[in-house]
Structures are given as structure tokens and as C-alpha cells.
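Could you take a look at this one with me?

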Amino acid sequence: MVKLGGKGILENGLAGIDHNVLTGRIEDVVQWARARSLWPATFGLACCAIEMMAAGGAHFDLSRFGMEVFRASPRQADLMIVAGRVSQKMAPVLRQIYDQMMEPKWVLSMGVCASSGGMFNNYAIVQGVDQVVPVDVYAPGCPPGPETLLHAIITIHNQILNGELLHRRSSGAGPLLIEQRDGQTERGVRIGARS
């Protein structure tokens, strides 16, 4: 969390910036505005897209994060949510949409199919969207629930606020992997456990 003058921007909004809006650092004001005005370009390709749509619904309410409008035009978007498996034929389209997005732009890989090809280990599916576009945050799960997607979005907000995402890209540190928040990890079979 960004701490400025003993107060956090997350708790106090613009009041958390040193001094006031006029005498605070312009970089802090810009990062605060970027974190609260992400416009996602959706790239829903499979079952993960249903969970992404659920996150935009009334029960989870993405509009409280300033993201209620999923942009149809990549020129108006700065966050790409890749939800589902990416085929070899779809990869150039994904890259073209990414190239048309405005800077700075971020990518969220949603689900195991987008992150690593999932169960589709064949020639037709890209084995990880990071081969096509640079990924900033991975949201695990098959499919990850809206809670996990919201956790990934909040992670992106916090990383934008403290400038970490742009720093990670320039230093080559790589993407972030968040933890699952929808309870899917409890269903897994434990190896060596007695039944």
C-alpha cells in the first residue's frame, strides 16, 4: 500500500496524498487516477468468460472499482482480461487487439487454459497467453470464480498505485500469481491421503 505523509491513499482517497492535490506529487495523482479508472477490454474465449460476466453482475458489482463498462474498442481500454483458452488462430487477433490498446496497458490471464493451455495440450491451443502478450497477473482456477477475478483486479489496482507493475516490466521481474479466493483448492485430491 502507498503511504504518503502517514496516511494511505487507499483509505483516504485524494486526501491521502501529501499536502493537497495542488502541492502533492503529480506522479501520485496520476497513479491514483489510473488505478481507479481501468477500462477492461474483454477477451472471453471459453467458460472463464461466464465467470467474468458474473463478476460484472449485481452480486459482485465491478462498478464499485470504476470498471462497469467493458470496452468493445481496444483504443478505449487499458486492461485486457484474457478469459479462456487461446487457439493458434486466435493468437494473432489477440496480439492485434493488445497492440491497439492505449499505454500504459495491463493484461490479466484468467484461468488455467489462458495461463498454461490447461487440459488442452495439443497443437491447436497456445500453451500460455504469455507467448502472445506480456501478462501482469495470473488468476488461477478452472474456471476461477468471480471472487478470484476481483482479487486479481484489486491486486492490479494496488500494483498500479505503488508503480510496481511498470517497475516489474522494466526490470524483467515477471508477472504475479495470486491465490484463489473461491474455495476451489479444497476440492483437489491429496496424493498419499488415506480414504
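Which residues does Leu149 touch, not counting residues up to four places away in sequence? Here is the reply, and then the rest of the tour.

1. Leu149 touches Met52, Ala55, Ile81, Leu108 and Met110, leaving out residues up to four places away in sequence. A contact here means heavy atoms within 4.5 Å.

2. Before going further, a word on what you are looking at. This is a predicted model, where local features need pLDDT of at least 70 and side-chain atom pairs count only at pLDDT 80 or more, while totals for chains, interfaces and linings use all residues. Residues are numbered from 1 along each chain as its sequence is written, and side-chain values use heavy atoms, with hydrogens and water left out.

3. How confident is the predictor? pLDDT is its confidence in each residue, from 0 to 100. The mean for the protein chain is 77, and 73% of its residues reach 70 or more. Helix α4 (residues 91-100) has the highest confidence, at 92, and strand β1 (residues 3-4) the lowest, at a mean of 46. Go carefully at the two ends: pLDDT stays under 50 over residues 1-6, for which the model has 15 contacts beyond four places in sequence. It also stays under 50 over residues 186-195, but there the model has zero such contacts beyond four places in sequence.

4. Now the overall layout. The protein chain has seven helices and seven strands; helices (H or I, at least four residues) and strands (E, at least two) are DSSP runs, numbered from the N terminus. From the N terminus on, the elements run β-β-α-α-β-α-β-α-β-α-β-α-α-β. Among contacts between residues at least 6 apart in sequence, 73% join residues at least 24 apart. Of the 195 residues in the protein chain, 44% are buried, where buried means under 20% relative accessible area, exposed over 50% and partly exposed in between (1.4 Å probe, protein chains only).

5. Back to Leu149 and its surroundings. The largest nonpolar core has 25 residues, and Leu149 is among those with the most contacts inside it, along with Leu79, Leu108 and Met110. Two or more residues each come from α3 (48-56), β4 (79-83), β5 (106-110), β6 (137-139) and α6 (146-161), and α6 gives the most, with seven. A second, separate core of 16 residues includes Met80, Leu94, Ala114 and Val135. By core I mean a set of buried Ala, Val, Leu, Ile, Met, Phe, Trp, Tyr and Cys residues joined through side-chain atoms within 4.5 Å. As background, nonpolar side chains in soluble globular proteins tend to be buried together.

6. From first C-alpha to last α6 reaches 22 Å, close to the 22 Å expected at 1.5 Å a residue (the expected span is 1.5 Å times one less than the number of residues). Ile156 sits in this helix and counts as buried because its relative accessibility is 0%. Ile156 and Val137 are 19 residues apart in sequence, yet 7.2 Å apart in space, C-alpha to C-alpha. Just after α6, Gly163 takes a positive phi of about 75°.

7. Which residues of α3 are buried? They are Cys48, Ala49, Met52 and Ala55. Seen down the axis of α3, these fall within an arc of 110°, so they line one face of the helix; the arc is that of the directions from the helix axis to the C-beta atoms. They pack against β3 (40-44), β4, β5 and α6. On the other side of α3, Ile50 and Met53 are exposed.

8. Finally, some loop details to check by eye. Between α4 and β5, the loop holds Pro104, joined to Glu103 by a cis peptide bond with omega about -10°. Lys105 is in the loop between α4 and β5 too, and counts as buried because its relative accessibility is 5%. Its side chain reaches the backbone oxygen of Tyr98 at 2.8 Å. Another cis peptide bond joins Cys142 and Pro143, with omega about -20°, and Pro143 is in the loop between β6 and α6.

Definitions and conventions. pLDDT = per-residue confidence, 0-100. Polar contact = N/O pair within 3.5 Å; in protein donor to acceptor, adjacent residues only side chain to side chain.
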